[in-house]
Amino acid sequence: MTKITPRDASVEIVCVGEVPVRDWFVGLLRKSDVRATEVDRVEMHESYLPGDVVRAAVISLGDSRSYLLSTARPELGVMQAKSEAGHPMAREECPRRRDK
């Protein structure tokens with residue numbers, strides 16, 4: 001995650017599956033694509049923070065600047081994050097993880 005707004009989040013796509021890409025791409029995760037249920041209750045700043053590493057699915061080619069992404073499946077979302085003190089957290093420790 002690179003930038004979070006109330007409506008969406010910007011993402012640098014650095015891997016496709018398990019394969020690193022040579023040149024990173026830009027992705028956009030819209031508020032409506034964060035989760036499958038209670039979409040109207042999503043708060044982007046509570047779901048993601050800049051620096052989070054997430055797994056997302058590409059749902060559309062979007063426009064010439066970015067791909068549209070979704071994290072609305074249980075296996076998707078925050079994979080790696082840092083605590084408020086800046087320490088790395090395991091996926092199990094992340095309070096923003098939805099599949100607890």
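Helices (H or I, at least four residues) and strands (E, at least two) are DSSP runs, numbered from the N terminus. The model is a predicted one, in which local features need pLDDT of at least 70 and side-chain atom pairs count only at pLDDT 80 or more, while totals for chains, interfaces and linings use all residues. Residues are numbered from 1 along each chain as its sequence is written, and side-chain values use heavy atoms, with hydrogens and water left out.

Two strands are taken to pair if DSSP finds at least two bridges between them. On that basis, five strands form an open sheet in the order E1-E2-E3-E6-E5, with mixed pairing. Its edge strands are E1 and E5, each of which pairs on one side only. Strand E1 (residues 3-4) is antiparallel to strand E2 (residues 8-16), with two bridges between them; Ile4 has Ala9 in E2 as its bridge partner. The hairpin that joins E1 to E2 passes through three residues.

E2 also pairs with strand E3 (residues 19-30), again in the antiparallel sense, over eight bridges. Here Glu12 is bridged to Val26 in E3. The hairpin of E2 and E3 has two residues between the strands, and Gly17 in this hairpin takes a positive phi near 65°.

Strand E5 (residues 57-60) pairs with strand E6 (residues 67-70) in the antiparallel sense, over three bridges. Six residues lie between the strands in the hairpin of E5 and E6, where Gly62 has a positive phi near 65°.

A further open sheet is made of three strands in the order E4-E7-E8, with antiparallel pairing. Strand E4 (53-55) and strand E8 (88-89) are its edges, each pairing on one side only. Strand E7 (residues 77-82) is joined to E8 by two bridges, the two running antiparallel, and Lys82 stands opposite Pro88 in E8.

For the chain as a whole, 29% of the 100 residues count as buried, meaning under 20% relative accessible area with a 1.4 Å probe, protein chains only. The accessible surface comes to about 6800 Å², of which 52% belongs to carbon and sulfur atoms; these areas come from the Shrake-Rupley method with a 1.4 Å probe. Among contacts (heavy atoms within 4.5 Å) between residues at least 6 apart in sequence, 44% join residues at least 24 apart.

Turning to open space, the largest pocket holds about 660 Å³. A pocket is an open set of points on a 1 Å grid over the protein atoms alone, where a 1.4 Å probe fits, with protein on both sides within 12 Å along at least five of seven lines; lining residues have an atom within 4 Å of a point. The largest pocket is lined by 20 residues, and Val14, Cys15, Val54, Arg55 and Ala56 lie nearest its centre. E2, E4 and E6 are the elements that give two or more residues to this lining, and E2 gives the most, with six. The lining divides into 14 nonpolar, two polar and four charged residues.

Technical notes: Buried < 20%, exposed > 50% of the residue type's maximum accessible area, 1.4 Å probe, protein only. Points joined across faces, edges and corners; volume = space filled by probe spheres on them. Nonpolar A, V, L, I, M, F, W, Y, C, P; charged D, E, K, R; others polar.
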